Amino acid sequence: MTSLSASPAWQALLAHSTRFSQRDSRCCDLLNDNKRFSEYSLQHEQLLLDYSKNFCTAETMQLLFCLAQQTQVSAAIEAMFTGKKINITENRAALHTALRIPPTNNPYPEVVTTIQRMADLVHAVHSGEWQGCTGERISDVVNIGIGGSDLGPAMVSEALASYSCSEVKLHFVSNVDPVQLTATLAKLDPARTLFIIASKSFRTLETRENANSARKWFLLAGHGKDDIARHFIAITTNLKAAEEFGINSQNLFPLWDWVGGRFSLWSAIGLSIALAIGMENFRDLLAGAYSMDRHFQSSPLEQNIPVVMALLSIWYTGFFNAHSSAVVPYAQPLRQLPRFLQQLCMESLGKRTAKDGSVIDTNSGEVIWGTEGTNGQHSYFQLLHQGTEFIPVDFIAVAKSAVADELPQHRQLLANCLSQSLALLQGRLHPTDEARSFPGNRPSNTLLLADLTPYNLGSLIALYEHKVYVQSVIWGINAFDQFGVELGKDLSESLYTAFADQAQRESLDPSTKGLMELMLKWGE
């Protein structure tokens, strides 16, 4: 198999990239073309991508589309949607998109049934039909999970907080550090608290330990084991382990092996989201994602938003030595989006070997980071403007504020978003003082949403999911496994037992042994 870097399309891009590496090449000059915005922006419904502030010309994009064609991106897209086993290492399909198909034409009856069960539970909790063991209404829901069972639901619930439709308060616990769970439970009444244990395997260490502690807290409050059925729900593939925990079989929601954790917020893992914003809004979230699915599957490569974004990322990692990219949402409700995208992108693309077993011979899987604007402008933007690192940026803006009667302040927010992307590209040269010069020539995308609705948020999240998939196809990576996560998990189990076993500590390497013994001494 020809390596990616030796392919004709890659070699053509390599030759072309030298145009943008010349010191006298100013990409801001591209904006002098009045047609630049219309020719380098794409819109799907109420979501627009402006990629006009990138290092690209018509020739660049044509070469990138040739790369996509050479790596058979279109065929790979169709393979995902038709249920081919594209997760080859685990011999599974990756069918998270099936979770978003409307029930009237969804060919997966188990998905339709689960969504309806979620709706029934949400109605029961919101209406007060679901009561705790003392006959009181549920006032608080605690989602216990980690990774995909936490990041997606937590991000979406906060982003759509303005759509909250009940007095039930939502809490998220993920860290095995007991401080987080203890602080959360200290504010709650066991008789009015409902726990959602979200774990695909029901064996994940952090979730298992937090679930056990939550059950202990509940029982120590004077409630019996039979009362657990009114206060614990599980979402898992391991139904047997959940039942052994004490959860009633009627309170178990399935999760299928063809849904990866970082793609699972659309499944029963999203139960916490539905409890926060209501089932109707949750269905709108699914509908927005489904709309982006249709765009991704049916649009030509040249008009396909996830494809264009993926190709630009490939362009910068492969030919400009970009090792990271920043995501900066100029919308406070989206402040957790960069954290969610870290897992989505870095767990999917953080691979050094291709699907054929060869070692990838290009940069791949950049670091994703960022915070909400405008806060980032007063911390790391200095590095973006004048640092030596080449870091492309995704700016995300929402045209309509979620706060009524605050139009002037919201426009200040939007003005900052626009000014930062322009300043990064344009720069400013000082005639006598290099320290006051901004080199510019820093590329960025701007994603603009009309407003932050469940539908538009669903579309935005699905866009990034599909972008990641296209990147994986071009690099030849399996985006749907995560074997790199397993080694640390395996080692932690053996090291845990070593805390209580002197003989086992003696067999450890000097660093681990020394640290562990000091932890034991200082932790007494």
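The following exercises, each with a worked solution, concern the predicted model shown above.

Residues are numbered from 1 along each chain as its sequence is written. Because the model is predicted, local features need pLDDT of at least 70 and side-chain atom pairs count only at pLDDT 80 or more, whereas totals for chains, interfaces and linings use all residues; side-chain values use heavy atoms, with hydrogens and water left out.

**Exercise 1. Determine where I144 lies, whether I144 is buried or exposed, and which residues I144 contacts.**

Step 1. Assign the element. Helices (H or I, at least four residues) and strands (E, at least two) are DSSP runs, numbered from the N terminus. On this basis I144 belongs to strand β3, residues 140-144.

Step 2. Classify the accessibility. Buried means under 20% relative accessible area, exposed over 50%, and partly exposed in between, with a 1.4 Å probe and protein chains only. I144 has a relative accessible area of 0% and is therefore buried.

Step 3. List the contacts, that is, heavy atoms within 4.5 Å. With neighbours within four places in sequence set aside, I144 is in contact with V173, F195, I196, I197, A198, T207, N210, A211 and A214.

Step 4. A6 is 138 residues from I144 along the chain, and their C-alpha atoms are separated by 47 Å.

**Exercise 2. Identify the buried residues of α4 and the helices against which they pack.**

Step 1. Select the buried positions: V73, A76, I77, A79, M80 and F81.

Step 2. Find their partners. These residues pack against α3 (58-70), α11 (279-298), α12 (305-319) and α16 (454-475).

Step 3. Relate the positions to helix geometry. An α-helix has 3.6 residues a turn, so residues three or four places apart point the same way.

Step 4. Inspect the end of the helix. G83 follows α4 and has a positive phi, near 80°.

**Exercise 3. Describe the largest nonpolar core and another core that lies apart from it.**

Step 1. Apply the rule: a nonpolar core is a set of buried Ala, Val, Leu, Ile, Met, Phe, Trp, Tyr and Cys residues joined through side-chain atoms within 4.5 Å.

Step 2. Describe the largest core. It has 126 residues, and those with the most contacts inside it are L271, W315 and L457. The greatest contribution to this core comes from α16, with twelve residues.

Step 3. Examine F202. At 12% relative accessibility, F202 counts as buried. F202 lies in the loop between β5 (193-198) and α8 (205-220), and has a positive phi of about 60° although it is not a glycine.

**Exercise 4. Trace the salt-bridge network that contains R92.**

Step 1. Apply the criterion: a salt bridge is a side-chain nitrogen of Lys or Arg within 4 Å of a carboxyl oxygen of Asp or Glu. By this rule the count comes to twelve salt bridges.

Step 2. Take the pair R92 and E90. Their closest N and O atoms are 3.7 Å apart. R92 is partly exposed at 26% relative accessible area, and E90 is partly exposed at 24%.

Step 3. Take the pair D257 and R92. Their closest N and O atoms are 4.0 Å apart. This pair links distant parts of the chain, 165 residues apart: D257 is in the loop between β7 (252-254) and α10 (271-277), and R92 is in the loop between α4 and α5. D257 counts as partly exposed, at 42% relative accessibility.

Step 4. Join the pairs. Salt bridges that share partners connect E90, R92 and D257 into one network.
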